[in-house]
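Here are my notes for a colleague who is new to this structure. Please read them with the model open.

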Amino acid sequence: QDTDMTTILAIPGSWRSGSYNLALARAAQALAPAGCTVELASIAAIPVYDGDSEAAQGVPAPVAELKDRIAAADALLLVTPEYNNSVPGPLKNAIDWLSRPASDLARVFGDKPTGLIGASPGPGGTRLAQAAWLPVLRLLGTRPWFGKSVYVADAGKAFDAGGALVDERLRGVLAAYLQGFAQFAAAR
Ligand code: FNR
């Protein structure tokens, strides 16, 4: 691995084929600045949290693997949908598993440069979801970056049918976000 390369691990909170947030994560991958790579992680294999299962078997393999990927990355980027004016359950569930056991929190999330972006077909562009993530990011001990914001509203127009981010203004906003976030992560 190139030690000069800043690695941002992006976790989209939706993996349906037409997901705007998956498309946004892919756009981030394509728009990463020089010296920075954006990798995608999937939460699709993570089961619903179950304390009995954790007590008997510990965290499931896909959770353990993703924990290691987060720990190894320079930065974490949550690409969040908005459900019912708040965080989406599947991504919250994944984060809940990833936060176990609590003795591992510092290794996985401690001081981790963390960003939030998101897309929705509505006018808010995930503003409420992003705000609702803040207490979670705080509890995890992350180092959130607030230098810029990416709220993709009216997502059906921002992306084309193939999932490409075609809105030129938003492409610029996302590129500037990634540039600032990568700098923040590299300076850590
Ligand atoms: C939504 N959606 C939605 N959108 C929004 O802007 N504010 C909201 O509060 C909600 N609430 C909500 C609840 C539930 C249960 C669903 C399934 C959806 C719409 C949501 O933004 C839309 O389905 C997106 O397309 C979801 O993201 P992906 O799958 O495209 O990445």
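1. Two terms first. Contact means heavy atoms within 4.5 Å. Helices (H or I, at least four residues) and strands (E, at least two) are DSSP runs, numbered from the N terminus.

2. This is a predicted model, where local features need pLDDT of at least 70, side-chain atom pairs count only at pLDDT 80 or more, and totals for chains, interfaces and linings use all residues. Residues are numbered from 1 along each chain as its sequence is written, and side-chain values use heavy atoms, with hydrogens and water left out.

3. Take the helix pair. Leu91, Lys92 and Ile95 in H4 meet Trp133, Val136 and Leu140 in H6. By class, this contact of H4 with H6 has 5 nonpolar residues, no polar ones and 1 charged. Ala, Val, Leu, Ile, Met, Phe, Trp, Tyr, Cys and Pro count as nonpolar; Asp, Glu, Lys and Arg as charged; the others, Gly among them, as polar.

4. How are H4 and H6 oriented to each other? H4 (residues 89-98) and H6 (residues 127-140) pack at about 10 degrees, with axes 12 Å apart. Axes are lines fitted to C-alpha atoms, for helices over the stretch in contact, and angles run from 0 to 180 degrees between N-to-C directions. H4 and H6 are therefore roughly parallel (angles under 35 degrees).

5. Now the ligand. Its surroundings include Ser14, Tyr20, Pro81, Glu82, Tyr83 and Ser120 (near means a heavy atom within 4 Å). The shell has 4 nonpolar, 6 polar and 2 charged residues.

6. Which distances separate ligand oxygen atoms from side-chain N or O atoms of Arg16, Ser19 and Asn21? For Arg16 it is 2.7 Å, for Ser19 2.6 Å, and for Asn21 2.8 Å. A polar contact is a pair of N or O atoms within 3.5 Å; within protein, one must be able to donate a hydrogen and the other to accept it, and residues adjacent in sequence count only if both atoms are side-chain atoms.

7. Check the backbone too. A cis peptide bond joins Arg100 and Pro101. Thr126 has a positive phi of about 75 degrees, yet is not a glycine.

Technical notes. Parallel < 35°, antiparallel > 145°, perpendicular 65-115°, else oblique.
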